Amino acid sequence: MDKKKTMFSGIQPSGELTLGSYIGAIKNWVSMIEDYDAYYCIVDLHAITVRQEPAALRRRILEQLAQYIACGLDPEKVTLFIQSHVSAHAELAWVLNCYTMFGELSRMTQFKDKSASHADNINGGLFTYPSLMAADILLYQADLVPVGEDQKQHVELCRDIAIRFNNAHGETFKVPEAFIPKVGARIMSLSEPTNKMSKSDKDPSGSVHLLEKPEDIMRKFKRAITDSDTSADCVRFSPSEKPGVSNLIQIYSCASGKSISDIENEFAGRGYGDLKMTVGNAVVETLRPIREETERLLKDKAYLEEVYKMGAKKAEYAAGKTLGKVYRKLGFVSR
Ligand code: AQP
């Protein structure tokens, strides 16, 4: 039997997981677990590139693990772990920093955006974030990295770093491919539909959290920004002309499994009020079992600890093999 391909991905515990994190990342991860040897990480080292409140960070890391499992990531089938538990991530990141160019890091859109939104804390970690992300991926010799549209640039840089290292030292890293879903690659804010829905958005009305109560979810959808079109075909998918409506259509498509054109037909002659209620209800029903299962898992801290310890052990083994190889190639004396 052929060896399964390897997949790596992670999410920062920088805020409550959103519908964007679910549709753009976790939902795809779940659909691929049978076919890949998958590593899914809670990237806490990345989260501290922006100031975090320690107690809240600790709570969110465990909540995120519970949500991964509740969304369908079975810890018996995939490796679920916390990044800071596997020290090889920080070690390889340092090495890769020495193979990443200042100019490359300066061109990263996320660095530019985060520097603008955190002008009082433009730290070195924010700048070298992509080298740590490259280390995350390359340690597991991942073939595939499922990401949302906004992380594509970082995966491309990761490929360039891997190729540069391989050219200098001989075949060391597998050069990974980004996997970007066709629908749901970029879920937008409900209140500012030209911005991405983000965990750390200061405006609570823009994002829906996985653990949010149904009534709060419905309220956010009822207030979602659309446009002033009142024509019979106002429910039309056109992200450039109708960003708010297109976002609602995209969310509904992901929550219901219906195609975009089927949704346009379903809403022919109907208005935005109907659309908002329908999408809101579909999201409530999608998130309900996730919220209930997360709440149940969070009561069982011993189980969660067992999962993250088992994950760290498996990840440490795979990562250690790659790091050892890298150190040998660099000429470091083995311990
Ligand atoms: N709105 C989104 N639509 C589609 N995909 C999304 N992702 C995040 N938001 C959306 C995808 O989820 C994965 C994990 O992202 P991350 O937490 O590592 O970083 P991020 O992209 O910076 O996510 P946020 O929510 O915007 O976090 P903050 O607010 O802390 O910066 C990635 O694959 C991402 O594309």
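Trainee: How far is an oxygen atom of the ligand from an N or O atom in the side chain of aspartate 150?

Mentor: This is a predicted model, in which local features need pLDDT of at least 70, side-chain atom pairs count only at pLDDT 80 or more, and totals for chains, interfaces and linings use all residues. Numbering runs from 1 along each chain as its sequence is written, and side-chain values use heavy atoms, with hydrogens and water left out. A polar contact is a pair of N or O atoms within 3.5 Å; within protein, one must be able to donate a hydrogen and the other to accept it, and residues adjacent in sequence count only if both atoms are side-chain atoms. For the side chain of aspartate 150 and the ligand oxygen, the distance is 2.8 Å.

Trainee: What percentage of the area that the ligand exposes when taken alone does the protein bury?

Mentor: Serine 14 has a polar side-chain atom 2.5 Å from a ligand oxygen, and an N or O atom in the side chain of serine 198 is 2.6 Å from an oxygen of the ligand. Accessible areas come from the Shrake-Rupley method with a 1.4 Å probe, and for residues only the protein chains shown count as cover. Taken alone, the ligand exposes 630 Å², and the share buried by the protein is 97%.

Trainee: Which element supplies the largest share of the shell around the ligand?

Mentor: Of the 22 residues around the ligand, those that come nearest are Ser14, Lys114, Ser198, Lys199 and Ser200; a residue is near a molecule or strand if one of its heavy atoms lies within 4 Å of it. Helices (H or I, at least four residues) and strands (E, at least two) are DSSP runs, numbered from the N terminus. At least two shell residues each come from β1 (5-11), α1 (19-32) and α6 (109-117). The largest share, 3 residues, comes from α1.

Trainee: How many residues of the shell around the ligand are charged?

Mentor: Ala, Val, Leu, Ile, Met, Phe, Trp, Tyr, Cys and Pro count as nonpolar, Asp, Glu, Lys and Arg as charged, and the others, Gly among them, as polar. The shell has 6 nonpolar and 11 polar residues, and the number of charged ones is 5.

Trainee: Is serine 131 buried or exposed?

Mentor: Serine 131 lies in helix α7 (residues 124-139). Residues up to four places away in sequence aside, serine 131 touches Ala93, Leu96, Asn97, Thr100 and Leu105, contact meaning heavy atoms within 4.5 Å. Buried means under 20% relative accessible area, exposed over 50%, partly exposed in between (1.4 Å probe, protein chains only). Because its relative accessibility is 0%, serine 131 counts as buried.

Trainee: How far apart in space are isoleucine 82 and serine 131, C-alpha to C-alpha?

Mentor: Isoleucine 82 is in strand β3 (residues 79-82) and is buried at a relative accessible area of 4%. Beyond its neighbours within four places in sequence, isoleucine 82 contacts Cys41, Ile42, Asp44, Ile61 and Tyr308. Isoleucine 82 and serine 131 are 49 residues apart in sequence, and the C-alpha to C-alpha separation is 18 Å.

Trainee: How far apart do the C-alpha centres of domain 1 and domain 2 lie?

Mentor: Domain bounds come from an automatic or database domain assignment, which gives domain 1 (5-179 + 301-330) and domain 2 (204-295). Contacts between them involve 12 residues of domain 1 and 14 residues of domain 2. The distance between the C-alpha centres is 30 Å.
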